[in-house]
Amino acid sequence: MKKISCIAIDDEPLALGLIVSHINRTPFLELKGQFDNPIDAMEYLQSNPVQLIYLDIQMPDFTGVDFARTLDENCKVIFTTAYEKYAVEGFRLHALGYLLKPVSYEVFLDATQHAQKHFNWIDLAMQQPDKQLRSDEDYLFVKANAQLKRINYGDILYLEGLKDYVKLYTETEQTPIVFYATMKSVEQRLPSDRFMRVHRSFIVNLEKITTIERYRIIFGKERIPISKQYKEVFDEFVKKKFL
């Protein structure tokens with residue numbers, strides 16, 4: 001069983017001791033350190049990166065939320081706090097969990113198993129990048145939230161690249177489908193006669209374009225920019241369709 005490297009940060013000794021106890025009780029976790037302040041933790045992480053941090057939010061001088069904003073994108077957080085009011089901010093920072101004190105082992109394990117699924121999914125994606133996006137005829141499969149989702153080409157509006165992830169926007173889903181892939185790999189697998197990259201961060205479904213304004217493609221309230229790099233190719237497409 002591959003272990004997840006982690007640390008715990010909390011300025012309350014009893015709360016920190018409880019989280020450390022839960023970590024040591026969990027076979028797939030490897031505790032690398034425990035800290036009663038975020039400054040010491042930050043110094044440690046500069047030369048000792050970990051995958052997961054159990055992080056208290058309400059700490060003097062430097063809050064857990066502020067600390068989380070400094071982290072590398074590969075380091076994930078499970079927040080611990082006695083205050084529910086910080087939950088929204090926590091999830092805005094893409095935390096893998098949010099635990100209210102005092103944290104029972106059952107609740108701790110549930111959040112930690114969710115984190116384990118995240119890291120297992122990332123490992124699988126890194127090992128099999130060519131299998132994250134599968135195309136066949138008029139649809140494709142993407143792996144999102146540990147599931148393979150079938151997406152019809154005709155439902156896709158556009159795709160947005162976010163570092164190692166892609167957000168796929170459709171006509172049928174209220175929220176984007178997020179999956180692990182690069183824009184380059186997505187572009188290579190989508191049919192070039194139906195999809196075009198118009199910006200470093202955007203690929204659009206050509207069949208869904210209805211309005212273009214000042215080199216921006218309008219999809220409802222969203223405006224997709226057409227960058228100089230892709231402008232010439234896009235202009236050729238428009239000329240062929242222009243009456």
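Analyst: Buried means under 20% relative accessible area, exposed over 50%, and partly exposed in between, with a 1.4 Å probe and protein chains only. At 18%, Phe 237 is under the limit and therefore counts as buried. Please keep in mind that this is a predicted model: local features need pLDDT of at least 70, side-chain atom pairs count only at pLDDT 80 or more, and totals for chains, interfaces and linings use all residues. Residues are numbered from 1 along each chain as its sequence is written, and side-chain values use heavy atoms, leaving out hydrogens and water.

User: What makes the pair of Phe 35 and Tyr 44 tilted?

Analyst: Rings of Phe, Tyr and Trp (its six-membered ring) pair if their centres lie within 6.5 Å; planes under 30 degrees apart count as stacked, over 60 as edge-to-face and the rest as tilted. The structure holds 10 aromatic pairs. For Phe 35 and Tyr 44 the centres are 5.4 Å apart and the planes stand at 50°, so this pair is tilted. Phe 234 and Phe 237 also form a tilted pair, with 5.9 Å from centre to centre and 45° between the planes. Ring pairs also link Tyr 158, Tyr 169, Phe 202 and Phe 219 into a cluster.

User: Why is Phe 35 called buried, and why is Tyr 44 called partly exposed?

Analyst: Phe 35 has a relative accessible area of 12%, so it is buried. Tyr 44 has 21%, so it counts as partly exposed.

User: Where do Phe 234 and Phe 237 lie?

Analyst: Both are in helix H7 (residues 228-241), three residues apart, about one turn of the helix. Helices (H or I, at least four residues) and strands (E, at least two) are DSSP runs, numbered from the N terminus. An α-helix has 3.6 residues a turn, so residues three or four places apart point the same way. Phe 234 is buried, because its relative accessible area is 1%.

User: How do you know that the length of helix H1 agrees with what it should be?

Analyst: The expected span of a helix is 1.5 Å times one less than its number of residues. For the 13 residues of H1 (residues 13-25) that comes to 18 Å, and the end C-alpha atoms are 18 Å apart, so the two agree. Its buried residues are Ala 15, Leu 16, Ile 19, Val 20, His 22 and Ile 23. They cover an arc of only 160° around the axis, so they are on the same side of H1. The arc is that of the directions from the helix axis to the C-beta atoms. On the face turned away from that side, Pro 13, Leu 14, Asn 24 and Arg 25 are exposed.

User: What makes Arg 25 sit over the ring of Tyr 105?

Analyst: A charge sits over a ring if NZ of Lys or CZ of Arg is within 6 Å of the ring centre and within 35 degrees of the ring normal. The charged end of Arg 25 is 3.9 Å from the centre of the Tyr 105 ring. Arg 150 likewise lies over the face of Tyr 139, at 3.6 Å from the ring centre.

User: Is Arg 194 buried or exposed?

Analyst: Arg 194 has a relative accessible area of 15%, so it is buried. Its place is in the loop between helix H6 (183-189) and strand S12 (195-199). A polar contact of 2.4 Å joins its side chain to that of Asp 138. Such a contact is a pair of N or O atoms within 3.5 Å; within protein, one must be able to donate a hydrogen and the other to accept it, and residues adjacent in sequence count only if both atoms are side-chain atoms.
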